[in-house]
Amino acid sequence: MPAAVVGQTPSLHTFLKSLKQTPVDNAIELLVSLLKRRQIRTPRACALATAQLLLRVVSSERIRTPQALIQRIRDVGRRLVTAQPRELSVGNIVRRVLGVIREIAEDEQDPSALEALARPGLPGALSGLEGASDSIADLRAADAPAADGESAHSQKSSSHGNQLPPTTSLFGLFQHPDGSSGLGSPPPGASSAPSVSNKSAKPGKEPKEKLDVKAEVIEGIKELLDELDQVDTQIADFALDHINSNETILTHTSSATVQKFLLTAAKKRKFTVIHAEAYPNDHEATHATILHGGHSDPSSGGADLDDFDPDDSAATRWKPLTSMGIQVILVPDSAVFALMSRINKVLLAPNAILADGSLLAASGSHTIAQAAQVHHVPVVVLGGVYKLSPVYPFSTDEMIEYGDPGKVIGYGSDGEFLDRVDVVNPVYDWTPADLVDLYITNLGSHAPSYLYRIVDDHYYAEDTDLLTKV
């Protein structure tokens with residue numbers, strides 16, 4: 001198995017540094033190894049490593065058909081997801097790349113094949129009623145007695161000779177103020193023939209050029225990397241809409257997304273932040289965030305090690321909230337319920353957002369959300385779309401990751417005591433959707449019940465299960 005850069009601890013930085021010189025198959029094996037050993041962790045680090053690897057895979061492949069490229073990406077994605085099935089951001093990025101390829105495949109299809117499936121243009125709002133009235137008139141004329149035949153014939157002729165001009169409905173006028181019909185019917189005075197577009201038949205219109213599948217996919221992955229780079233800034237742009245002056249805000253764990261959200265609001269608002277320390281997994285990173293605004297050592301653990309840049313010092317990455325004049329109070333997790341009656345808003349940073357609106361977040365978030373519900377305090381979750389997964393929590397126990405139990409009870413404790421108890425240390429909690437009031441993503445604010453639409457817009461149904469071979 002290929003090793004990382006000699007003399008450096010394997011991490012996201014060393015993986016990205018060696019990616020250009022490493023053969024593709026070796027790079028895949030290296031990332032699989034790093035994911036299994038959790039040497040690359042946190043959603044953004046895993047998403048960034050996955051996107052960069054898939055970019056390298058697509059760039060080095062000679063396959064130019066979308067179907068073959070989809071199969072290749074699915075094979076790579078299946079290996080990555082199998083290596084770390086609890087890190088849902090890996091599968092999310094694979095599905096997003098597959099979605100890019102499928103969109104390109106749809107654009108490359110023959111337009112004549114799509115025209116064959118096109119529905120003919122609907123008649124105008126009144127023309128359909130006129131056709132129905134003609135049919136009724138015909139039936140009445142057929143059923144009329146022979147003595148009245150002449151009058152029925154003249155009535156039918158008058159109905160055909162005095163038809164109203166085709167018009168659009170009022171709803172269509174509002175939807176199409178330029179005069180086009182809202183129901184697919186032509187504007188007044190135009191022909192009412194079915195409007196099936198045939199761009200190739202128009203004079204002077206050149207046929208559609210064949211897409212370069214490989215170049216288009218590479219461009220789509222680069223746009224995805226830009227999204228990962230800008231997600232915190234885009235979420236922070238909504239800070240002033242949700243944080244008011246003189247509020248008391250409770251947050252949990254060390255999160256770059258929450259930190260930047262609060263820093264943006266602190267430029268124009270004055271508020272108080274109560275920070276739960278998230279013991280025993282993230283308390284060291286929480287202390288570093290409050291004191292210095294970031295982590296000085298990426299190997300110390302924490303919720304946002306994916307933001308660590310070895311070329312920058314911790315002092316230049318984030319500013320502490322206290323430097324902006326914000327009062328920050330660090331409290332143990334056991335004090336959350338006692339303080340909840342004084343809280344105006346709870347901000348949580350998820351590890352993953354599931355399709356039903358529930359989330360996986362740092363251990364202790366479920367307890368905080370339950371306390372907020374008892375005191376009627378709104379719970380706001382900050383997370384990028386790349387954390388939103390189409391997976392439904394059919395078995396939440398399988399999604400929970402457990403950490404080192406030695407952080408709860410030291411291995412130097414009484415051996416007889418340790419022999420009689422089972423010590424567990426869950427790294428994440430599953431929080432149901434009914435405990436969350438609002439999600440803020442880089443696309444805006446959404447209710448938990450609306451997340452299924454975002455899932456539908458970003459993923460294809462055939463890519464939901466990556467472990468099934470096709």
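## A buried glutamate and its partner

At 11% relative accessibility, glutamate 401 counts as buried in this predicted model, because a residue is called buried when its relative accessible area is under 20%. The side chain of glutamate 401 meets that of arginine 38 in a salt bridge, with 3.2 Å from N to O. This pair links distant parts of the chain: glutamate 401 belongs to the loop between α17 and α18 (415-420), arginine 38 to the loop between α2 and α3, and the two are 363 residues apart. Arginine 38 also counts as buried, at 14% relative accessibility.

Arginine 38 forms a salt bridge with glutamate 87 as well, where the closest N and O atoms are 3.2 Å apart. Glutamate 87 sits in the loop between α4 (66-83) and α5 (88-107), while arginine 38 sits in the loop between α2 and α3, so this pair ties together parts that are 49 residues apart in sequence. Both glutamate 87 and arginine 38 are buried.

## Other salt bridges

Side chains of opposite charge can pair when their charged atoms come close. The whole structure holds 12 salt bridges. One of them joins arginine 78 and aspartate 75, at 3.0 Å from N to O. These two residues both lie in helix α4, three residues apart, which is about one turn of the helix. Arginine 78 is buried, with a relative accessible area of 12%, whereas aspartate 75 counts as partly exposed at 28%. Elsewhere, salt bridges that share partners join Arg74, Arg102, Glu462 and Asp463 into one network.

## The open sheet

Seven strands form an open sheet of mixed pairing, in the order β3-β2-β1-β4-β7-β9-β10. At the edges stand β3 (327-331) and β10 (444-446); each has a single partner strand, so one side of each is left without a neighbour in the sheet. From one strand to the next, the twist averages 25°.

Strands of a sheet pair through backbone hydrogen bonds, either parallel or antiparallel. Strand β9 (residues 438-441) and β10 run antiparallel and are joined by three bridges. Within this pairing, isoleucine 440 stands opposite serine 445 in β10. Helix α12 (residues 256-266) lies across β1 (248-252), β2, β4 (345-348), β7 and β9, and runs at about 135° to β4.

## Backbone features in loops

Threonine 42 is placed in the loop between α2 (24-36) and α3 (43-60), and histidine 376 in the loop between α16 (365-374) and β7. Threonine 42 is buried, with a relative accessible area of 4%, whereas histidine 376 is exposed, with a relative accessible area of 71%.

A cis peptide bond joins tyrosine 279 to proline 280, with omega about 10°. Proline 280 is found in the loop between β2 (272-276) and α13 (283-292).

Tyrosine 392 belongs to the loop between β7 (379-382) and α17 (396-399). With 40% relative accessibility, tyrosine 392 counts as partly exposed.

Notes. Residues are numbered from 1 along each chain as its sequence is written. This is a predicted model: local features need pLDDT of at least 70, side-chain atom pairs count only at pLDDT 80 or more; totals for chains, interfaces and linings use all residues. Side-chain values use heavy atoms; hydrogens and water are left out. Helices (H or I, at least four residues) and strands (E, at least two) are DSSP runs, numbered from the N terminus. Buried means under 20% relative accessible area, exposed over 50%, partly exposed in between (1.4 Å probe, protein chains only). Two strands pair if DSSP finds at least two bridges between them. Axes are lines fitted to C-alpha atoms, for helices over the stretch in contact, and angles run from 0 to 180 degrees between N-to-C directions. Contact means heavy atoms within 4.5 Å. A salt bridge is a side-chain nitrogen of Lys or Arg within 4 Å of a carboxyl oxygen of Asp or Glu.
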